[in-house]
Amino acid sequence: MIDIKGVSLWYDNDRRVLDDITEVIGTGRTVVICGPSGSGKSSLLRCINGLEHFQKGEIFIDGISVQDTRTDIHKLRARIGMVFQHFELYPHMTAMHNITLAPMQVYKKTRREAEEKAMALLERVGIHEQAFKYPEELSGGQKQRVAIARALAMEPGTMLFDEPTSALDPEMISEVLDVMVGLARGGMTMIVVTHEMGFAREVADRIMFMDEGRIIENAGTSEFFNNPKSPRTRQFLRRILNYHA
Amino acid sequence: MDLGVIARNFPFMAGGLLLTFELALITIAGGFLVGVVLALCRLSSRSWLYYPATVYVHFFRGLPLILVIFWLYFLSPVVTGSSLKAFNAAIISFVLFEAAYFAEIIRAGVQSLSRGQIMAAYSTGLTQFQSARHVILPQAVRNMVPALVTQAVIIFQDTSLAYVIGLREFLRRVNLVDAREARSVELYLFAGLVYFIICSVGSMAGSRLEKRTKRS
C-alpha cells in the first residue's frame, strides 16, 4: 500500500511542483495519472521511491516512511520498480546484463540464478531471443520491454511507470501496453503516468488528473470518463480523446 | 653537428628514459585512482565530502607543479623530521598534483551522462557506490578517453620536472651529457625528438582507443 500524506515539493523556494498531494493506493491497485506536462506527475513518481526529496508531508510504502533517515532507501527502492520514458537501459551492457546487474549486486544472487530469472522474464515480455543484444540494437518497444524486465527482476511489489509509451513509435505502443496490462491483471500495484486512455479504461482502478501540482480530479475509472467533475478535466479529456480518435 | 655524441651516450640516456616511463606510469595510475575518489567527492551532495575535495582541486590547479615538487622535497624534512628520497618525493608530488586534473576530467565525464541513467540505477536499489562502479563510471570513462589520453601525454612531459630535485630521468641525463660534452644543439634537438615521438605515439594510440570504444 502506498500512502501519500500532504506532500509538497518545490524548487528554488518559490516554484511549487507538488502542492499538498494526498492519496492512498491499495495493494494490487492500478492508478493512472494524467495531466499536461509540467503538472508534477513525474515528480510525484520520483518522490514515491525517494529519487526526489520533498519538503513537506510523508509517503509510506507498506508502512515504511520514504524520507525517514532510519529507512534503508536502497532496500526500499529495490521493491519498487520504475520504468522511464526514455528507457534508460545501460548502453554498455547487453539486455541480459541490464537485467541481472541489480539482482546480483543487491540480492547477491549468483550469475546463474540471476540469468535464469532474467531469461524467464524476457520470455514473459516476449523478447528472449534478444537477450544478448545491446540496447542500441533493439527497437524502442523492445527496449522498453527489457526495461520492464529489469524492474521486475527485483521482484517488486509496486511498479511506477513514467510515460512508458510516449517515446515510442505508434506501432510499438501496444506491445508495451500488453505487458503492462498483464502485470496489472497479475495483481501488481501500479502507478502509471500516461495519456493512453485506452489502457486506463481497461485496467485502471482510479484515474487522477493533475494540473499545476495539484490533483484536480480523482475518481473511479468509469466515473472519470463518464462524469468528470472539474471543467479543467473535461477540457483535457475532450482534447486528448478527440486527438486519439 | 656531431651526431656521434648521441650515439656515444645513447645507453646512458636511454636508461633515463626508463625512469621517465616509470615515473609517468606510476603517476598516471596513482593520479587516476586518487582522481576518481576526488571526482566522486566533488559530485557528492554531502558537504563534508564536497568541500574538502573542491578545495583540494582548486589548490593544486592553482600551483605550478615545480613548486609542489620543491615544497614536498624541501619542506617535508622540516615538518616530519625525516627526508624523502627524491624518487618518492617526485612520485608523491606528481600523484597529488595530477589527481586534481584527473578529478576534473572524470567529473566532467560523469556529468555528461544523463541524470536518467543515475535514476535508473538507483531505482533498482543499487547504492551510490554500486551505481558509480557498474553504471556511471564505465560509461563516463568512454566519454573521457580523449581527455585522459591528453592528460597522460602531459604527465609524460611533466616528469622532466623531476630533474629539479636531482632525479636522473631522461632530460636530466641529457643535461649531464651536455655538461660533459658541450653539445647543446644536438643533444636538446635529440631530446625534443624523443619526447615528440613518444607523445605522438601516445596520442595516436589514444585516438585508436577512442574509435574502438565508440564502436562497442
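The model is predicted, so local features require pLDDT of at least 70 and side-chain atom pairs count only at pLDDT 80 or more, whereas totals for chains, interfaces and linings use all residues. Residues are numbered from 1 along each chain as its sequence is written, chains are lettered from A and ligands numbered from 1 in the order in which they are written, and side-chain values use heavy atoms, with hydrogens and water left out.

**Chain B**

Chain B has eight helices and zero strands; helices (H or I, at least four residues) and strands (E, at least two) are DSSP runs numbered from the N terminus. The C-alpha atoms of chain B fill a box of roughly 70 × 50 × 20 Å along the principal axes. Of its 216 residues, 46% count as buried, where buried means under 20% relative accessible area, exposed over 50%, and partly exposed in between (1.4 Å probe, protein chains only). Among the contacts in chain B with a separation of 6 or more, 77% come from residues 24 or more positions apart; contact means heavy atoms within 4.5 Å.

**Interface between the chains**

The size of an interface is often given as the accessible area lost when the parts come together. The table lists the totals for this interface.

| Item | Value |
|---|---|
| Residues of chain B in contact with chain A | 21 residues |
| Residues of chain A in contact with chain B | 23 residues |
| Area buried between chain B and chain A | about 1800 Å² |
| Share of that area on carbon and sulfur atoms | 61% |

Buried area is the accessible area (1.4 Å probe) that two parts lose on being put together, summed over both. B:Met119, B:Ser123 and B:Thr124 supply 30% of the area that chain B buries against chain A, more than any other three residues.

Six residue pairs are in polar contact, both residues at pLDDT 80 or more. A polar contact is a pair of N or O atoms within 3.5 Å; within protein, one must be able to donate a hydrogen and the other to accept it, and residues adjacent in sequence count only if both atoms are side-chain atoms.

Helix 5 (115-123) and helix 6 (128-158) are the elements of chain B that give two or more residues to the side touching chain A. Helix 5 gives the most, with eight residues.

**B:Gln151**

B:Gln151 lies in helix 6 of chain B and is buried, with a relative accessible area of 7%. Its side chain makes a polar contact with the side chain of B:Glu98 (2.8 Å). Not counting residues up to four places away in sequence, B:Gln151 touches B:Glu98, B:Tyr101, B:Phe102 and B:Ile105.

**Cores and helix 1 of chain A**

A nonpolar core is a set of buried Ala, Val, Leu, Ile, Met, Phe, Trp, Tyr and Cys residues joined through side-chain atoms within 4.5 Å. The largest has 81 residues, of which A:Leu44, A:Ile48 and A:Ile59 touch the most other members. Helix 4 (residues 86-111) of chain B gives the most to this core, with 14 residues. Apart from it lies another core, of 50 residues, including A:Phe87 and A:Met188.

Helix 1 (residues 41-48) of chain A is largely enclosed by the rest of the structure, because eight of its eight residues are buried. Among them are A:Lys41, A:Arg46 and A:Ile48. After this helix comes A:Gly50, with a positive phi near 75 degrees.
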